[in-house]
Amino acid sequence: MTTLYSARTALSLLFVDDEKRVLDSFRLLIGDLGYRVVTASNDDDAVALVSQQRFDIIFLDQFLGNVRGLDLMRRLAVQDPNAYFVLITANSTPALAVEAMKQGAADFMGKPFSATEVIKSIEYVMKKRELESERKEMVTTLEKLVDRKNEELKNVFCNVLSSLAQAMEKRDFGTYGHCRRVSQVACLIAAALDLDDTERDRLRAAALLHDIGKIGISDSVLGKTGPLTAEEWLQIKHHPVKGVEILEPIRQFSAILPSILHHHENYDGSGYPHGIAGEKIPRASRIIAVADAYDAILSERPYRSAANREQALNELAACAGSQFDPGIVEAFVKVDSRYQKMFGTN
Ligand SMILES: [Fe+2]
């Protein structure tokens, strides 16, 4: 409230009581203080008035014939959610005052009341309104701040993803390009499977970083073109676990860790690192497995030339049910033509 006088001149009050002498008394007590005062002697009149005009404060007698003031307050609050209520009663008890406040009354006043008590109540309610308004403004400001900070965090997260992916590229020639393509294909499959936005975002990130654990494999093993020894093969098979170890300290990655850990599991349980099968393998991992294999088959390797699209699709189909989830392979076939448009493969 800025000043008492300006509040008085601007405030509109409705006083509801079934006793004419109480209504007259209210008018008499504060009628010359500059407030706009309207009175009603029953609930129907009060409802009609509130539907026609706006009141800052509504004073309600608790006993309006057969109607309880608190019941009327709830009806009027629905009509005008911005109105403030003061409950009045001749039989005031602490229990009723507590109930009134619980149900949303801003103040409680006993009968008979003096001009000073009415003015104090008005001042109290207006102060309350002012504080609530400030609180709402503060909440709005804080919400905007949180939104901005979340946006900044999201950008940081994207930059971290990008940096990690580039780190992989430096360790393993061509890996980054591979991971980006796997991520894009995985997103196409996600669209075909109608995954929700959260699952798609997580899948995109997991697919981009699925081979991050290769950072922990020595150059001699990673770049080897000849057959791997048993020990070297063990190092390679450890990369999903290594990837989880690398990303684990970053809380924002926690949701994608299972997808990375299990991207080399096979649908029939013959994969690694845990040898789990079917639906026990996270769906994102099953999608990454198909996207990963497809891009690998289409890519040139030192020991073989790139396969064409038809050969790649045949290979995926041949391994559906053993290495791959048949449902994912089927979904992939639906989006394969879009993959061709994106990467122009043969
Ligand atoms: Fe991998």
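D44, A48, S51 and Q52 are exposed on one side of helix α3. Helices (H or I, at least four residues) and strands (E, at least two) are DSSP runs, numbered from the N terminus.

This is a predicted model: local features need pLDDT of at least 70, side-chain atom pairs count only at pLDDT 80 or more, and totals for chains, interfaces and linings use all residues. Residues are numbered from 1 along each chain as its sequence is written.

The buried residues of α3 (residues 43-52) are D43, A46 and V50. They line one face of the helix, because they fall within an arc of 60° seen down its axis. The arc is that of the directions from the helix axis to the C-beta atoms. Their cover includes β1 (12-16), β2 (36-40) and α4 (69-79).

A105 sits in the loop between α5 (94-102) and β7 (107-110). A105 is buried, with 24 other C-beta atoms within 10 Å.

Contacts here are C-beta atoms, placed from the backbone, within 7 Å.

| Residue | In contact with |
|---|---|
| A105 | M73, F85, V86, L87, A100 |
| I189 | I287, V290, A291, I328, A331, F332, V335 |

A nonpolar core is a set of buried Ala, Val, Leu, Ile, Met, Phe, Trp, Tyr and Cys residues joined through C-beta atoms within 7 Å. The largest has 36 residues; A186, I189, I287, V290 and A291 touch the most other members. Helix α13 gives the most to this core, with seven residues. A second, separate core of 31 residues includes A40, L60, L76 and I88.

Note on methods:
A residue is buried if 20 or more other C-beta atoms lie within 10 Å of its own, exposed if 12 or fewer, and partly exposed in between; C-beta atoms are placed from the backbone. Two residues are in contact if their C-beta atoms, placed from the backbone, lie within 7 Å. Lists of a residue's contacts leave out its neighbours within four places in sequence.
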